[in-house]
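Subject: Structure for your review

Dear colleague,

Please find below the structure that I am handing over to you. I would be grateful if you kept it open beside this message while you read.

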Amino acid sequence: MDARFVGIAELSQAPSVAVVIDVMRAFTVAAWAFDQGADKIVLAESLDDALALKALHPDWVTLKDGPPAPGFDMVNSPGLLQSVDVAGRTVVQKTTAGTVGALAAKDASLLLCASFVVAEATAQLLRASQSDVVTFVVTGDEGQTEEDLACAQYIAGRAAGAEVGAEEFLRRAAESRAVADLTEGVRRGYQGVHRDDVALCLEADRFPFAMVARLEDSLMILRSCAVPSPADEAPV
């Protein structure tokens, strides 16, 4: 498998297979929402679009980066999500990096969204797809953010069949500027962050599903996708 690592701005043409990475925190939040029973996630293009969808569907759950804001039910925090009931509901998500990256790659034949918590499941799905070339979109800091790049490289290694552990990649992520900024935000008591966010984002392979995005009725919809475990794949 030929793995390519690019920033959002480098997506000059639609890749065949794309994996959009946002560890801190969009696609960690998305994975936790699915674990808590969310039906689907709409990746909104703008805050106004998210609010317009909420107006049309009052029962949908809207979330955004930063502090709480009128019209939004919650913020983009896996720790704060724990207290929100999303079971059976549609979540509308708008963030500054992850959702932007997914929408930029919307024409890919196979589009996955990922973070550490779904890394192994994402790698398994890539192996099953037998793709020759996979484009990893590192969404933060113009493709240079360390936690997203580390996660992308971990998934790429696992997808290629390498016996790599998560520890070194998680260490790199833990030393990133994004983790430092989030930790400082917790220390200062900023709204929109939770003391458990860093730990929840830096847990590898927690969930047994990948997350697949595709256009449905003009909306970019993210859904969880169960993948077989290695034991299930082994011949009997």
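Predicted model: local features only at pLDDT ≥ 70, side-chain atom pairs only at ≥ 80, totals over all residues.

Leu112 has Val212 in β9 as its bridge partner.

Two helices

Helix α1 covers residues 26-35, and nine of its ten residues are buried, so this helix is largely enclosed by the rest of the structure. Among the buried residues are Phe27, Trp32 and Phe34. After α1 comes Gly37, which has a positive phi, near 100°.

Helix α2 (residues 47-56) has Ala50, Leu53 and Lys54 as buried residues. Why do they lie on the same side of α2? The reason is that they cover an arc of only 100° around the axis. The other side of α2 carries Asp48, Ala55 and Leu56, which are exposed.

A residue in a loop

Ala108 is found in the loop that lies between α4 (98-104) and β7. Is Ala108 buried or exposed? Its relative accessibility is 12%, and a residue under 20% is called buried, so Ala108 counts as buried. Leaving aside residues up to four places away in sequence, Ala108 touches Ala14, Pro15, Ser16 and Ala18. Ala108 and Ala14 are 94 residues apart along the chain, yet a separation of 5.4 Å is found between their C-alpha atoms.

Rolling a probe the size of a water molecule over the atoms shows where empty space is left.

The largest pocket holds about 570 Å³ of space. Its lining consists of 28 residues, and those nearest its centre are Met24, Arg25, Thr96, Glu147 and Ala178. The elements that give two or more residues to this lining are α6 (146-159) and α8 (177-188). Of the elements, α8 gives the most, namely five residues. What is the make-up of the lining of the largest pocket? Seven of its residues are nonpolar, twelve are polar and nine are charged.

The second largest pocket has a volume of about 220 Å³. Its lining includes Arg4, Val6, Glu10, Leu11 and Thr135. Ala14, Pro15 and Ser16 also belong to this lining, and these three residues are touched by Ala108. At least two lining residues come from β1 (2-6), and at least two from β8 (133-138). By type, the lining of the second largest pocket has six nonpolar, four polar and two charged residues.

With kind regards

Methods
Residues numbered from 1 in each chain as written. Heavy atoms only, no water. 1 Å grid on protein atoms, 1.4 Å probe; cavity = no way out; pocket = protein on both sides within 12 Å on 5 of 7 lines; lining within 4 Å. Points joined across faces, edges and corners; volume = space filled by probe spheres on them. Helix = DSSP H or I, 4+ residues; strand = E, 2+ residues; numbered from the N terminus. Nonpolar A, V, L, I, M, F, W, Y, C, P; charged D, E, K, R; others polar. Buried < 20%, exposed > 50% of the residue type's maximum accessible area, 1.4 Å probe, protein only. Arc of directions from axis to C-beta. Pairing = 2+ DSSP bridges. Contact = heavy atoms within 4.5 Å.
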